[in-house]
Amino acid sequence: MKALLQRVSQAQVEVKNQIVGAIDHGLLVLLGVEQQDTPAIAEKLAEKVLHYRLFSDDAGKMNLNVQQVSGGILVVSQFTLVADTKKGLRPSFSAGASPEHGEAMYDYFVNYLRQRYPQIATGTYAADMQVSLTNDGPVTFMLEF
């Protein structure tokens, strides 16, 4: 499982010209699910997202997590994160989860977050989505399990 975290001043996702998820200050989490991912992996990644320190404290150091700054979290499924790009000019998605497993793990990840933090928004799994954001910093980190 992979999560690309972007610290944002705002982010939203649209499906068919309708906003389905939006946050102000917080984290945009692009989530990729692989074949071998399990609920235990999803839980570890969710805990890391909740506690990863990428917001600045009063001294300007990245010492605060999203909860400490009362930020929102927008989770968007993105299967292209699990692409193998090492060879050739076309990505391979052979490591990616099946649509059923991917959706189950995405839902598990989101529900786990929601049980621990109230400010969660989402995209729509497997939909054609338009994501817009203002990356704050820019600050972007890749978390992998």
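Strands here are DSSP runs of E with at least two residues, numbered from the N terminus. The model is predicted. Gln-6 belongs to one such run, strand β1, which spans residues 2–15.

**Gln-6 and its surroundings**

- The relative accessible area of Gln-6 is 11%; buried means under 20%, so Gln-6 is buried.
- The side chain of Gln-6 makes a polar contact of 3.1 Å with the side chain of Asn-135.
- Beyond its neighbours within four places in sequence, Gln-6 is in contact with Gly-26, Leu-27, Leu-28 and Leu-30, and also with Leu-133, Asn-135, Val-139 and Thr-140.
- Gln-36 is 30 residues from Gln-6 along the chain, and 25 Å separates their C-alpha atoms.

**Packing of α1 and α2**

- Helix α1 covers residues 39–51 and helix α2 residues 99–116; the two pack at an angle of about 45°, with their axes 9 Å apart.
- Because of that angle, α1 counts as oblique to α2.
- The crossing of α1 past α2 is right-handed.
- On the α1 side, the contact is made by Pro-39, Ala-42, Glu-43, Leu-45, Ala-46, Glu-47, Val-49 and Leu-50.
- On the α2 side, Met-105, Tyr-108, Phe-109, Tyr-112, Leu-113 and Arg-116 make the contact.
- Sorted by class, the contact of α1 with α2 has eleven nonpolar residues, three charged residues and no polar ones.

How values were computed:
Residues numbered from 1 in each chain as written. Predicted model: local features only at pLDDT ≥ 70, side-chain atom pairs only at ≥ 80, totals over all residues. Heavy atoms only, no water. Axes fitted to C-alpha atoms, helices over the stretch in contact; angles between N-to-C directions. Helix = DSSP H or I, 4+ residues; strand = E, 2+ residues; numbered from the N terminus. Parallel < 35°, antiparallel > 145°, perpendicular 65-115°, else oblique. Left-handed = near helix turned anticlockwise from the far one by under 90°. Contact = heavy atoms within 4.5 Å. Nonpolar A, V, L, I, M, F, W, Y, C, P; charged D, E, K, R; others polar. Buried < 20%, exposed > 50% of the residue type's maximum accessible area, 1.4 Å probe, protein only. Polar contact = N/O pair within 3.5 Å; in protein donor to acceptor, adjacent residues only side chain to side chain.
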